[in-house]
Amino acid sequence: MGKTIGIDLGTTNTCVAAMLSGKPFVIPSSTGNRLIPSYLAVTPDEKLLVGVRAKRQSITNPKGTVFAAKRLIGRRYDSEEVKIAKEKMPYEIVSGPHGDVRVVCGGRQFSVPEISAAILLEAKSMAEKFLEDDIEGACITVPAYFNESQRQATIDAATIAGLKVLRIINEPTSSAIAYASKRGRKSELIAVYDLGGGTFDISILELGEGVYEVLSTAGDTYLGGQDIDGVIMNHLVEEFLRTNGVDLRQDMMAIQRMRDAVEQAKIDLSVQSEVTISLPFLTETTHGAVHYTHVLTRGKLEELASAMIERTMEICRSAIDRAHIAKENISEVILVGGQTRSPLVIRRVTEFFGKQPNRSINPDEVVAEGASIHAYNIVSPLPSNILVDITALSLGIQTKGGFFTEIVPRNTAIPVTRKRKFTTTYDNQEAVRISVYQGNEKLTKDTELLGEFVLSGIRLAKKGIPNIEVSFDMNGEGILQVTAKDADLGSEQSVVLEAKSGLTNDEIASMRSRMTSLELELKDQ
Ligand code: AMP
């Protein structure tokens, strides 16, 4: 029997862990790195690079390097998130054949699951080398707010990488599993505050005897370390424009170098009170080369970042309200994500929750550790932990006027069954279309369409008279069955909704075979 692993497939970094002697263990690369940068690159001589090797060459090859692809996974090309990404990302984003997203990298087009697959492949190959065994399967983590298409696209990425998915689990649940494995068994309420490179989320969980129940979760998909880097960049670029009359935004290489230096300065400011950013030969002006130096203080960094950190506090407030608990009853606050190492975050979290966050857990590794424990439990004959997950997004149907009418509200524990009565909108209406959506907005155009079907043979009557009962059944794995029934006649129609990632099975199969050369290369390294 092969080994199982847990993979935290992150926006910025990916981490892989396995159980060794009954304990979760983070697997290092052959050069000792415990995190894989979530980067893919195509070099000018058309070689594929992943992880640290891809990140290292990103400054000189911005058009041939993709990062933060997790922001695009399972998204439709016409969605708001993709519009934002098109403005923010240095690489080109185009529409795929099914309205999905394709990324142009080094002149080649990649689907987003393919990019994630390359990173998963690196994780799998690191684990195989370290454990000297085959990998039987993996638990892969996703943000709690990921919708069904994003989860399915992550499963597709694993399929392209030739990796069997034991289960997709929510990142905060995974952190809670890792935390619970380190403490004695007791019942308590915990908060998981996760501020990574690209996103923020907060989850409130109740831990019992081997049971993890998520009471609420909330977040912002555009609030993370990279956004803090972004405000510092804007500040420095504007200042450069004022003093040198040169807009660095026109010089891609200069911007890329500055972005790297800014991130490093921000990280250093977590332990130092000031740092000097020094970039010789940053750009050319009419007066010649400019050697850039700038002293950034922790005070200035905190001034620039404070609005973003305050926004995370507002989101914490709303998660606590939705969990219907008192803040004082939270016994532990777990910090996850590299950005939580910053003193400003630690200070504000301490003030907000009225207690010091738990510092005994490594914020970069806890999610992968929890996933490895869960993967091990799934295949081991020992009694496994029970995960009680929730629907982070509401589920409902479209009603007249394009409104999203909720049937299962967000933050409902699954498995769940909910029913709601509807009626017809005109006289002698024979059929109704049931369009099922997922999201937290008021209009369906702002939410995700999961599927549609028609209930025909409705009792002919004046509008508003027929009783149409729509029922939503979601099982513990998150599979949704929707049934519509004419309650008077008893006729019914139902569908099991299969999430669509944007790729067909044939495309996944051909992407899988395209990936094998990279797989062989990673094995040889
Ligand atoms: P993650 O997505 O969890 O890997 O988090 C990556 C983010 O954390 C990036 O934006 C990093 O710049 C940031 N980060 C990593 N280490 C530190 C640190 N020591 N202080 C502040 N931010 C950090």
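At what angle do helix H4 (residues 148–160) and helix H11 (residues 505–524) pack, and how far apart are their axes? I began my notebook with this point, and I note that the model I consulted is predicted.

**Entry 1: helices H4 and H11**

I found an angle of about 45° between the two helices, H4 and H11, and their axes lie 8 Å apart. I therefore recorded H4 as oblique to H11. I then looked up the residues that make the contact. Helix H4 contributes Asp-156, Thr-159 and Ile-160, while H11 contributes Ile-508, Met-511, Arg-512 and Met-515.

**Entry 2: Ser-125**

I next turned to Ser-125, which I located in helix H3 (residues 112–131).

**Entry 3: Asp-100**

I looked up Asp-100 and placed it in the loop between strand S8 (92–95) and strand S9 (101–105). I recorded Asp-100 as buried because its relative accessible area is 5%. I noted that the side chain of Asp-100 forms a polar contact of 2.9 Å with the side chain of Arg-102. Beyond its neighbours within four places in sequence, Asp-100 is in contact with Arg-75, Tyr-77, Val-94, Ser-95, Gly-502 and Leu-503.

**Entry 4: a sheet of four strands**

I finally examined an open sheet whose four strands follow the order S22-S21-S25-S26, and I noted that their pairing is antiparallel. Which strands stand at the edges of the sheet? I identified strand S22 (403–408) and strand S26 (448–455). Each of these two has a single partner strand, so one side of each lacks a neighbour in the sheet. From one strand to the next, I recorded an average twist of 30°.

I then followed the pairing of S22 with strand S21 (residues 394–399). These two strands run antiparallel, and five bridges join them. I also noted that Gln-398 has Phe-404 of S22 opposite it.

Key: Residues are numbered from 1 along each chain as its sequence is written. This is a predicted model: local features need pLDDT of at least 70, side-chain atom pairs count only at pLDDT 80 or more; totals for chains, interfaces and linings use all residues. Side-chain values use heavy atoms; hydrogens and water are left out. Axes are lines fitted to C-alpha atoms, for helices over the stretch in contact, and angles run from 0 to 180 degrees between N-to-C directions. Angles under 35 degrees count as roughly parallel, over 145 as roughly antiparallel, 65 to 115 as roughly perpendicular and the rest as oblique. Contact means heavy atoms within 4.5 Å. Buried means under 20% relative accessible area, exposed over 50%, partly exposed in between (1.4 Å probe, protein chains only). A polar contact is a pair of N or O atoms within 3.5 Å; within protein, one must be able to donate a hydrogen and the other to accept it, and residues adjacent in sequence count only if both atoms are side-chain atoms. Two strands pair if DSSP finds at least two bridges between them.
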